[in-house]
Every structure is written in C-alpha cells, then in structure tokens.
Amino acid sequence: MKIRTVETLQEFKLCLALDRDGLLLETDLDLVETDCDWFERKRRDAEVLCTMAANLAGPCLEIGTSFGRSAFNLGTNLGDRGTIYTVNLLPEQHDSSGGKLITHLLTKEQIGVFYRTHGLKNVVQLYANTAQWQMPTELDRLALVFVDGAHDTELVYSDSKLVYERIREGGYIVWHDFSPELRRKHDWIDASMCGVERFLAEYGLAGEEIFHLRDSWTGVLKKPARRAVVVPTGVTSSNPAPMVSVKPPARQLRILLGYGVYLDEESVRNRYEEWLARLRGAGIDVTGTCLTLNPPGPCLTWPELEARWKRRDPELLRLYDRLGREAADYDVFVNYNGINLHPDFVRQLPTFNIFSCFDDPENSENLSRPVATAYDLCLVGNIAEVETYRKWGVADARFWPLGFHATDTDPLLNGDRILSEGRAVDLALVCERRSPWRRERLDKLSRAFPAQAFYGPGWPNGYLSKRETIELYRRTKVGLNIHNSSGPINFRTYELPANGVLQICDNKSHLAGIFELNKEVVGYETIEEAIELCRYYLEHEDERRKIATAGWERASRDYNEVAVFKLLERYATEVI
C-alpha cells in the first residue's frame, strides 16, 4: 500500500489541489477523553473532512454515523452544494455479518444526535447493516465516501467494494481508523488497514497514493480515471457489470442519440431523423436510435421501468442488448428524451453518457430524478430546474436550450422584413386549455382578447398541426407564452422570435437567462400584467417591431438547431 504522509494541512491541500479552507465548528476538538485523542487527533480528523467538503460539490456518503459529528463536519462545509447521506445500523440490525470491531451500538435516538441538534438540513439519515445493504440507485456519482463503520478487515474491504463504483472519477474515498504510525499499537487500526490493502489489491489500485495527514486517523484516495474493460454487448445478468472506460475524444466526437417515438398524428421518427440528417449536413457526426419499446408508444414510468429491470424483462433486455452493441462504435451517447434506460444499465455503457430532459418539473419524479445521477452529464432544458438537478446529487448539470428546427422558420425572413412588413394577426397563442392550473389564466386572456388566434385542445378554434402553427406565427405580431409551472421550457420560447414575433413570456426571472428582457423579449409575472403588455405593444408598433427584430437576431444566432447541438458537443468535450 502506497501511503504518502504529509505533515501539515497546507501540504495536504496542495497534494490534493484543494483551494478552500474548511470551517471547523466543533467546540471540543481539543478535549482529551482517552489516549485515542492524543496529538490533537480529533482536530486533525476534522481538518481533513471539513477541508475536503469545502472543496466539493455533489452527494457524499458516510458509512458509520455514530453520534453524527463527522456528518456535521461534512454537512456544514458542503452547504447547499450537495447532500450528506449517512448510514448506521440499528441495534436490531446487528448480527454476525456486521463485524466485531465496532465502536458501539447506539439507539435510534442516539444515532446522529449531534448534527440533528445543530439543525442541519442537508443530511439524510439511513439505517442499514452495510454487509447486507442494497444501496439505493440514487446514491451515485458520489463526490466523497467516508468509510467509518465496523473496523474488521472483511467489513472495511466489503464496504469499500460496495461504494467504489458509485464514486465519480476524481471523487474521494476516505477511510477512518487509518494510521500507519499506530497500526502496530491498535489492533482495530491494523484490521482496518488490512481491509484497505485487500480492496486496493483486488481493484488494481495498489500503486495509487493514499494521502494521510499526520496525527489524523484518515487515509484519502482520489479515484483515478476508469480502466478499460471489455465493452458489454448487452445485459443478461442481474449483477452490475464493472465500470468501463470513457473513450478519449477523437478530433470529432461520434455521437449516438436515442429518442422516443410516441403516439402522435405526425411521424415523430421521421422528424427526428430529418433533424439528425440536417445536423450531419452541418458537419456533426451524430446518428439516431429509437429507445421506445414497440414504437410508437409512451415511455415507461419509473415504477414500470424498475419492475421490468428487476424481473429481467426480455423485451427491455433486447432493447438494452441492441443499444449496448450500437454504443460500442461511439464516443458519446445522448438519451435525448431521458426515457426507458435503467440507471444500472446506463452505468455499463462504454460511452460518455448524457441525459437530457425537457419535461421538468412536472415529470421529474417519474422521469428524471430516479435516473439522472447515473449519467456523466445532465443537460436540462428548463433553465429554472438546473439547480434542482444539483440538489439531487447530479455532479454536472447544465442548461441546454430546446432551440428551434430549421423547418420551423422562414429561411428568407430577415430584420428588414420584420421592421417593414405588415402582419395580419395581432395576438396568437397555441397551447392546451384543459389543465385547471392554466385554464383560469387563459379564460382571463380570452375575455380580454375575444377575437384573437388562440388554438389547441380546449379552445373553440381547436387543434393546429405543427405546420399550421408555424404558418400562424409568420403572420403574427405578438405571441403570448405561458407555462404550467417553472420555465421557460417549450418550443414557443424559441419559435416565436425565430419567426419575427414579439414574445411576451412568463417566468420572467429565468427568461432573462435566455433573452435580454425588454430588448429581445418581454417578460411578465401575472396574467393581468401580460394582458396589459399585449395591449401596450399592439398600440406601440415601432417598439414592437424593434424588440421582435432583436429577438429574431438572437434566436437565429444562438438558438438555431446547429448552434444548440454544437453547444452539446462543447459541453461534452469540456468534460471528457
């Protein structure tokens, strides 16, 4: 075992490239209660944990809560950048599998009492005997794992194996009761370090440096890049496959994009494939594949997906077998609709894996939250929900706009035409009117503008096809945009300005992250405000045309389909 002992906290920070200082808030760190507390051992331990947490973002896991002091140190320094999951066995869960070298068996009330007393909100308490624990799938891409449960060699070894594949590359595993100076003095430290040695040897990590701050009882390993293994051609076993290497980026990334073919009156598959063909024509190496079972059809709900995976559903495994073989020829896989792939399968793919979703927050619990942490990168279509992904523990979540397709705008449209040509329709909105949370607002709108062009399910004018919608936009002066909850997150956000329409859109604060307010778009907070803004800009034609032109210029430059996809390429290249 290759151990590098460092003398000072500053040297420890330099070795691990940690910039920030940790904040030590315990008031009794220098209290000596037993000979285990000599040489400021508790302070040195706290310095390691607090410093590391201060420099990390994402979920962390602690095995061995005890009274909750380590969870307190981690939680106070991680703050709102992530969640601390801490697991401890209850007395009734202890048996022979739980080890003999345990510090104490605490009651449920005693476990974690220290962090609870201090009111930490980013700590989640779990109860389990880790020798028998099935880790929840959402505990993934962990930034740090602190192993401090039973100190038996076998338990330290098995706990390390249990968590290692869930630690993201560049993340850390920290072992407690790890002290090369004291392993000959304390049998539990020797047993614990023997477990670490066995784990390192089995995983081919014996040559990796473990950093030890002198007088602490900690050993820190930074997880190196994944090692290449045989690429799986499918999933036929309930046992998870070993981690596989992400291919190094070539001069140009080869991208496999999976999409859903749902029930729709238009040919969704053809629309996707035509879009991808245009991207290839622009020099992007991307190929499509269908992720729907027996298309066309809806995506699986999370309970359905979980149930099919657990029972090894042949139909699901055939999809996974095909996708696994296809992915072997690509650098990047994109689950464009975020559908139908179980997180345990995603972890086996040989590609750099991207999850994208445009259905948050309405469908987050069913679609994105259960699986997002299994991906290397999450691209979130709703700019208001990016931080939500980070709170789930996703290590890398970024805003990725929907943009508009080349077929959904007039290629001959330009600024001069927007400034000079007349438009026959004053106000248009194409959206459903059935949802109760939307119906009340839309009723106020229709009473204020009874003769305007409002279409969609629940409107007297009925449904418009995509082609008819774009034709309407080309004749419209002002286009209203409205969402169910947070946003903006719909194609209207980009299609309206791309067709020279002045967009008046809700979710004003986050809208400002996509367009410049009152220059390229107009934002509102309430439907009453929206009505007044529509009236104002219909009466002030020059202002309307000026903002519509600037919105068209911004959409045409930054939100066309090629620019949007090249943003994905750039994100992936930055991370790989």
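This is a predicted model: local features need pLDDT of at least 70, side-chain atom pairs count only at pLDDT 80 or more; totals for chains, interfaces and linings use all residues.
Author: Happy to. The crossing of H5 and H6 is right-handed, meaning the near helix is turned clockwise from the far one by less than a right angle. Helices here are DSSP runs of H or I with at least four residues, and strands are E runs of at least two, numbered from the N terminus.

Reader: What angle do the axes of H5 and H6 cross at?
Author: Roughly 45 degrees, and the axes come within 7 Å. Axes are lines fitted to C-alpha atoms over the stretch in contact, with angles from 0 to 180 degrees between N-to-C directions. That makes H5 oblique to H6 (under 35 degrees is roughly parallel, over 145 roughly antiparallel, 65 to 115 roughly perpendicular, the rest oblique).

Reader: What's the mean pLDDT of the chain?
Author: It is 89, with 93% of residues reaching 70 or more; pLDDT is the predictor's confidence in each residue, from 0 to 100. Over residues 227-250 the pLDDT is below 50.

Reader: New topic: what's the strand order in the open sheet?
Author: S16-S15-S17-S18-S19, five strands with parallel pairing (two strands pair if DSSP finds at least two bridges between them). S16 and S19 are the edge strands.

Reader: How many bridges join S15 to S17?
Author: Three, and alanine 428 has glycine 479 in S17 as its bridge partner.

Methods:
Residues are numbered from 1 along each chain as its sequence is written. Side-chain values use heavy atoms; hydrogens and water are left out. Contact means heavy atoms within 4.5 Å.
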